[in-house]
Amino acid sequence: MKVAVIGSSPIYPFREQLGIPQFPSKRESLWHLPLARGLSRVPNIELHIVAPTHYIQESKVIYYDAICMHFVKIPKGSNYFTLYQLMKRRVHRVLKAIQPDIVHGHSTEHGYPYVAITSGL
């Protein structure tokens with residue numbers, strides 16, 4: 001079963017792979033990685049983390065343990081100016097490629113649940 005979780009993901013541990021020499025933010029959701037690791041160990045689960053971020057120059061896929069992490073480039077401030085429409089379009093493109101059985105938008109203070117609900121998956 002393919003599961004896609006849309007939400008923020010720690011960038012600091014992957015900064016070299018993402019091409020970020022110095023990570024400027026001190027706000028990291030470090031608890032997402034242990035949660036993802038635990039979920040990825042459930043038998044027959046193919047876990048995809050879809051993490052929109054403005055810290056990267058281009059979208060990139062990184063494999064971490066049994067987790068496929070999709071870092072999706074969005075311009076800084078675009079969520080506020082487009083009411084999440086640009087993020088929605090870019091994340092939906094990734095979800096269409098993944099074709100998950102379950103889509104979860106994690107965290108209510110961002111547009112992730114909205115993007116998950118509108119995915120049609």
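Analyst: Helices (H or I, at least four residues) and strands (E, at least two) are DSSP runs numbered from the N terminus. Cys68 falls in one of these runs, strand E4 (residues 67-73). This is a predicted model, in which local features need pLDDT of at least 70 and side-chain atom pairs count only at pLDDT 80 or more, while totals for chains, interfaces and linings use all residues. Residues are numbered from 1 along each chain as its sequence is written, and side-chain values use heavy atoms, with hydrogens and water left out.

User: Why is Cys68 called buried?

Analyst: Buried means under 20% relative accessible area, exposed over 50%, and partly exposed in between (1.4 Å probe, protein chains only). Cys68 has a relative accessible area of 7%, so Cys68 is buried.

User: Which residues does Cys68 touch, not counting residues up to four places away in sequence?

Analyst: Contact means heavy atoms within 4.5 Å. With residues up to four places away in sequence left out, Cys68 touches Leu47, His48, Ile49, Val61, Ile62 and Tyr63. As for Pro34, its C-alpha is 14 Å from that of Cys68, and the two residues are 34 apart in sequence.

User: What makes His48 buried?

Analyst: The relative accessible area of His48 is 7%, so His48 is buried. His48 is in strand E2.

User: What joins the side chains of His48 and His70?

Analyst: A polar contact of 2.9 Å joins them. The term stands for a pair of N or O atoms within 3.5 Å; within protein, one must be able to donate a hydrogen and the other to accept it, and residues adjacent in sequence count only if both atoms are side-chain atoms. Beyond four places in sequence, His48 touches Val3, Ala4, Val5, Cys68, His70 and Ile98.

User: How do you know that Thr53 is buried?

Analyst: Thr53 has a relative accessible area of 7%, so Thr53 is buried. Thr53 is also in strand E2. A polar atom of the Thr53 side chain lies 3.2 Å from the backbone nitrogen of Tyr55. Apart from residues up to four places away in sequence, Thr53 touches Ile11, Phe71, Val72, Lys73 and Ile74.

User: How many aromatic pairs does the structure hold?

Analyst: There are two. Rings of Phe, Tyr and Trp (its six-membered ring) pair if their centres lie within 6.5 Å; planes under 30 degrees apart count as stacked, over 60 as edge-to-face and the rest as tilted. The ring centres of Phe14 and Tyr64 are 5.3 Å apart and the planes stand at 85 degrees, so this pair is edge-to-face. Phe14 lies in the loop between E1 and helix H1 (15-18) and Tyr64 in strand E3 (residues 60-64), so the pair ties together parts 50 residues apart in sequence. Phe14 also pairs with Phe71, at 5.8 Å centre to centre and 50 degrees between the planes, and this pair is tilted. Phe71 is in strand E4 and Phe14 in the loop between E1 and H1, so this pair ties together parts that are 57 residues apart in sequence. Phe14, Tyr64 and Phe71 form one aromatic cluster.

User: What makes Phe14 count as buried?

Analyst: Phe14 is at 3% relative accessibility, so Phe14 counts as buried. Phe71 is buried too.

User: Why is Asp65 called exposed?

Analyst: Asp65 has a relative accessible area of 56%, so Asp65 is exposed. Asp65 is in the loop between E3 and E4. Its phi is near 55 degrees, a positive value in a residue other than glycine.

User: What makes Gln99 partly exposed?

Analyst: Gln99 is at 45% relative accessibility, so Gln99 counts as partly exposed. The residue is in the loop between helix H4 (85-98) and strand E5 (102-105). Phi of Gln99 is near 55 degrees, positive in a residue other than glycine.

User: Why does His54 count as partly exposed?

Analyst: His54 is at 29% relative accessibility, so His54 counts as partly exposed. His54 lies in the loop between E2 and E3. It touches Lys73, Ile74, Pro75 and Lys76, not counting residues up to four places away in sequence.
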